[in-house]
Amino acid sequence: SRDKQQGSEIARSNEILSEKGSVRVAIRVRPLSSLERSNCGKTCVTVQPPDTVVLGKDKSFTFDFVFGPEKSQSDIYEQVVSPLVDGIFKGYHACLFAYGQTGAGKTYTMGTTWCKGSINTSHGMIPRVINDIFVRAKAEMDSYDISIRVSFIEIYNEDIHDLLKFYNPSSENGNVLFDGSQKIGIREDEFGNVYVTGIHEEPVQSYEEAMSCIETGSLHRATAAHDMNQQSSRSHAIFTIIFTKTEKGQEGLKEKVTSQFQLVDLAGSERAKRTNASGARLKEGISINVSLLALMEVISVLGDQQKKGSHVPYRRSKLTRILTNSLGGNSRTAMIACISPSDDSFQETLNTLKYAHRARNIENRPVINHDPAFREIAELRKQVQELKQKLMDK
Ligand code: ADP
Ligand code: MG
C-alpha cells in the first residue's frame with residue numbers, strides 16, 4: 001500500500017509537470033509514380049503552403065504541416081520528427097505513425113525497410129531518429145550516461161510477431177539464433193503505461209547496430225510471408241526505441257529518465273473500409289483489419305469534442321492497446337498521412353484526409369517519465385534543506 005501511495009504521488013507530480021499538446025498531423029503527397037505517369041495519370045491534389053491541401057477543385061483541408069511531392073525526407077524530419085526527439089531527451093514518450101492507403105508512401109517515409117549506409121536522401125524517419133539520438137547523445141556524454149534498446153514487432157491478423165526474436169549479432173549463422181519462444185503479452189503498470197512483454201529488446205551502441213536490427217527485422221518480415229506486398233500492406237510494424245538517460249554523479253543522487261519512441265508503419269488504410277469488405281474483397285480473401293478499424297474508433301472518440309469523456313475503446317485491438325500511451329496519453333505524437341497525387345486514388349485520398357483531420361483534435365498530455373527513486377531523493381533533499389534551515393534559524 002506504501003507503493004500505491006507513492007505511485008499516486010508520482011502520478012500527481014507527473015500531472016504537474018505535464019504540458020498540453022495535441023497530436024500533430026502532417027500530410028505528405030508523394031510524386032506521381034512512373035507507372036502513373038505512363039498511364040497519363042492526372043494529379044488531383046494541390047498543396048497550398050504552408051498548411052493546406054486541396055483535393056479536386058474545392059475540397060480543402062488544413063493541417064499542422066503539408067508537404068508536397070518535392071519535399072525531402074530531411075524536410076519532414078526537421079519539421080515533424082526532430083521535436084519529438086527533443087522530447088525523448090527530456091523524458092517524454094513519443095510516437096510517430098504513418099497512415100494511408102497501400103502505395104501512398106508509408107514505408108518509404110518511415111524507413112521501415114533496411115537502407116544502405118549512413119544517412120542519405122533516401123533514408124526515412126526511423127534511421128534519422130536513430131542517427132539523431134546518437135549524435136545528440138554524444139554531445140551530452142560528459143554529463144549523462146545514455147543507453148538505448150530497440151524492439152521491432154509486427155501485428156498481423158491480431159497476432160504479435162517479434163521481428164527480432166531470432167536476433168543475435170554474434171551468432172555464427174548470420175543474425176539468426178533459433179530461440180524466442182517466450183509468450184508475447186501486453187501489460188499495464190500502475191501508472192497506466194502499456195508495455196509489450198516477452199519480446200526481444202536489443203541494446204544498441206551505434207547507428208550501425210540499430211540499422212542491423214532493422215535489416216534483420218525487415219528480412220524476417222519478408223520471409224515469413226507468402227506474398228511480401230500483401231503481408232506488408234496488411235500488417236502494422238512497430239519499431240520502438242527505449243531511451244534511458246542517467247545523470248553522471250554520485251551513486252543515488254542521479255537523475256534518471258526513461259522514455260520510449262514508438263514508430264509505426266500502419267497497414268494500408270484501404271483495409272479498414274467497412275463497406276467494401278464484402279463481395280469482391282471477401283473473394284480475394286482480404287478481411288477487415290481489426291486493429292486499423294479500432295484505431296479509427298479511438299481516433300474518432302478522442303477527436304470528437306462532443307464525445308469528450310466517453311469511453312475510449314483502446315482494448316478493442318492489439319494495436320490500440322500498444323499505442324494507448326501515444327493516443328490521448330502521456331506522449332508527444334505526430335501522424336504523417338501519406339497520399340498519392342493521382343486521380344485514380346481520389347476516393348482513398350479523401351478518406352485519408354478526413355481521418356487525418358480528425359486525428360488533429362486529439363489531446364495528449366505529455367509528462368516527463370522520471371525514475372520514482374529520483375523523485376524520492378529529490379523530496380529527501382528538500383527535507384534536508386528545510387531541516388538545515390530550521391537549525392540555522394535557531
Ligand atoms: P506504402 O508503404 O504506403 O504501401 P511505399 O512506401 O512502399 O508505400 O511507396 C510506394 C512506392 O512509392 C515505393 O516504390 C516508394 O519508393 C515510392 N515512394 C513513396 N513515397 C515517395 C516519395 N516521397 N518520393 C519518392 N518515391 C516515393
Ligand atoms: Mg508499406
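Modeller: I will start with the sheet, then turn to the backbone and the ligand. This is a predicted model: local features need pLDDT of at least 70, side-chain atom pairs count only at pLDDT 80 or more, and totals for chains, interfaces and linings use all residues. Residues are numbered from 1 along each chain as written, chains are lettered from A and ligands numbered from 1 in the order written, and side-chain values use heavy atoms, leaving out hydrogens and water.

Helices (H or I, at least four residues) and strands (E, at least two) are DSSP runs, numbered from the N terminus. Two strands pair if DSSP finds at least two bridges between them.

The sheet is open and has 3 strands, in the order β3-β4-β5, with antiparallel pairing. β3 (45–48) and β5 (59–62) are the edge strands; each has a single partner strand, so one side of each lacks a neighbour in the sheet.

Take β3 and β4. They pair in the antiparallel sense over 4 bridges. V45 has L55 in β4 as its bridge partner. The two strands make a hairpin, with 3 residues between them. P50 sits in the loop between β3 and β4. The peptide bond from P49 to P50 is cis, its omega near 0 degrees.

Now the other pairing. Strand β4 (residues 52–55) meets β5 in the antiparallel sense, again over 4 bridges. Here V53 stands opposite F61 in β5.

Helix α11 (residues 346–359) lies across β3, β4 and β5. Its run makes an angle of about 35 degrees with β5.

Elsewhere, the loop between β8 (144–156) and β9 (159–162) holds N157. N157 is not a glycine, yet its phi is positive, about 50 degrees. E158 lies in that loop between β8 and β9 too. The phi of E158 is near 65 degrees, a positive value in a residue other than glycine.

Last, the ligand. Ligand 1 is surrounded by R28, R30, P31, Q101, T102, G103, A104, G105, K106, T107 and Y108 (each has a heavy atom within 4 Å of it). By class, this shell has 3 nonpolar, 5 polar and 3 charged residues. Ala, Val, Leu, Ile, Met, Phe, Trp, Tyr, Cys and Pro count as nonpolar, Asp, Glu, Lys and Arg as charged, and the others, Gly among them, as polar. Helix α4 (residues 106–110) gives the largest share of the shell, 3 residues.

The side chain of K106 has an N or O atom 2.8 Å from an oxygen atom of ligand 1. For the side chain of T107, an N or O atom is 2.9 Å from an oxygen atom of ligand 1. Y108 uses its backbone: an N or O atom there lies 2.8 Å from an oxygen atom of ligand 1. Of the 560 Å² of accessible area that ligand 1 has on its own, the protein covers 64% (Shrake-Rupley method, 1.4 Å probe).

Note on methods. Polar contact = N/O pair within 3.5 Å; in protein donor to acceptor, adjacent residues only side chain to side chain. Contact = heavy atoms within 4.5 Å. Axes fitted to C-alpha atoms, helices over the stretch in contact; angles between N-to-C directions.
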